[in-house]
Amino acid sequence: MQTEMWAPSDSAKVVKYREGVGCVGGGLFMALVGSCALYLALNPEEAVRSPASVAAVIGWAMTLFVFVPGVLMILVGLVMLARPERVHLDDRGIWLRDNGKFDLIAWTEIRALHGRLPQPKAKDDPNSSPVAAALLFQPVDSGFLSRHPVLADPENPEVPRLKLPHKTAVQRLTRAIGETRPDLIP
């Protein structure tokens, strides 16, 4: 991305979205399963009928490999939820924040934008994969991805996209861009 030394204007529209709900949910599940292993590790003689030493070893191993990562996932998810992502829109373009710096995607670099809603894996096709929510860019020139490499999609490198966590974020961002630059939304 092209790093700009200035920031969006004070009148810029700000679209916020949060990531981390899935991380918290997965962490809760792992912590719940891991807490059963922790109980086994702390009370091996009450938990199973096998030798207590074997049950304790299995319990501590499961605690280490399931409970601890689950708690860490919960903490990471909570941090992600506490710090929402922000996309700023003003008369110059779309401002993305990356590592404390604002990066500008100028309106003149974009021919069109459209939101892609998430879709599950197709039931009829075993080779299909789920489609993630994203804002897809149609750039004006072929050098767009070299200027904004963070928008490169690993699955389809020719189509620049801003990955978004869910359907609501796609709808809110597309609506805000439509209000700012309706000529870019087909």
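Q: Before we get going, when do two strands count as a pair?
A: Two strands pair if DSSP finds at least two bridges between them. Please also keep in mind that this is a predicted model.

Q: OK, and how many bridges join β1 to β2?
A: There are five bridges between β1 and β2, and the two strands run antiparallel. Within this pair, K13 stands opposite L89, a residue of β2.

Q: Which strands form the open sheet, and in what order?
A: Four strands form the open sheet, and their order is β1-β2-β3-β4, with antiparallel pairing. From one strand to the next, the twist averages 25°.

Q: Which strands stand at the edges, and why is one side of each left without a neighbour?
A: The edge strands are β1 and β4, the latter covering residues 101–106, and each of them has a single partner strand, so one side of each has no neighbour in the sheet.

Q: What does α5 lie across?
A: The helix α5 lies across β1, β2 and β3, and its direction is at about 175° to that of β1.

Q: Switching to the inside, which residues touch the most other members of the largest nonpolar core?
A: That core has 23 residues, and those touching the most other members are L89, I94, L113, F137, L162 and L173. The elements that contribute two or more residues to this core are β1 (13–17), β2 (85–89), β3 (93–98), β5 (110–116), β6 (134–139) and α5 (167–180). The largest share, five residues, comes from α5.

Q: Say I click on L162, what does L162 touch?
A: Leaving aside residues up to four places away in sequence, L162 touches V87, L96, A134, L135, F137, L151 and L173.

Q: New topic, charges: how many salt bridges does a search of the whole structure find?
A: The search finds five salt bridges.

Q: Which residue forms a salt bridge with E109?
A: The partner of E109 is R147, and the closest N and O atoms of the two are 2.7 Å apart. Because R147 lies in helix α4 (residues 144–147) while E109 is in the loop between β4 and β5, the pair ties together parts that are 38 residues apart in sequence.

Q: Buried or exposed, what is E109?
A: E109 is buried, at a relative accessible area of 10%, whereas R147 is partly exposed at 26%.

Q: Which residues do salt bridges with shared partners join into one network?
A: That network is made up of E109, D141 and R147.

Q: And which residue does D153 meet in a salt bridge?
A: The side chain of D153 meets that of R161, with an N to O distance of 3.5 Å. R161 is buried, with a relative accessible area of 12%, and D153 is buried as well, at 7%.

Q: How far apart are the closest N and O atoms of D90 and R92?
A: They are 3.4 Å apart, and the two residues form a salt bridge. D90 counts as buried at 4% relative accessibility, while R92 is partly exposed at 31%.

Q: Last one, how far apart are the end C-alpha atoms of helix α1?
A: They are 31 Å apart, which agrees with the 32 Å that the 22 residues of α1 (21–42) should span at 1.5 Å a residue. The buried residues of α1 are V24, G27, A31, G34, A37, L40 and A41. In general, an α-helix has 3.6 residues a turn, so residues three or four places apart point the same way.

Technical notes. Residues numbered from 1 in each chain as written. Predicted model: local features only at pLDDT ≥ 70, side-chain atom pairs only at ≥ 80, totals over all residues. Heavy atoms only, no water. Core = buried A, V, L, I, M, F, W, Y, C linked by side-chain atoms within 4.5 Å. Buried < 20%, exposed > 50% of the residue type's maximum accessible area, 1.4 Å probe, protein only. Contact = heavy atoms within 4.5 Å. Axes fitted to C-alpha atoms, helices over the stretch in contact; angles between N-to-C directions. Salt bridge = Lys/Arg side-chain N within 4 Å of Asp/Glu carboxyl O. Expected span 1.5 Å × (residues − 1).
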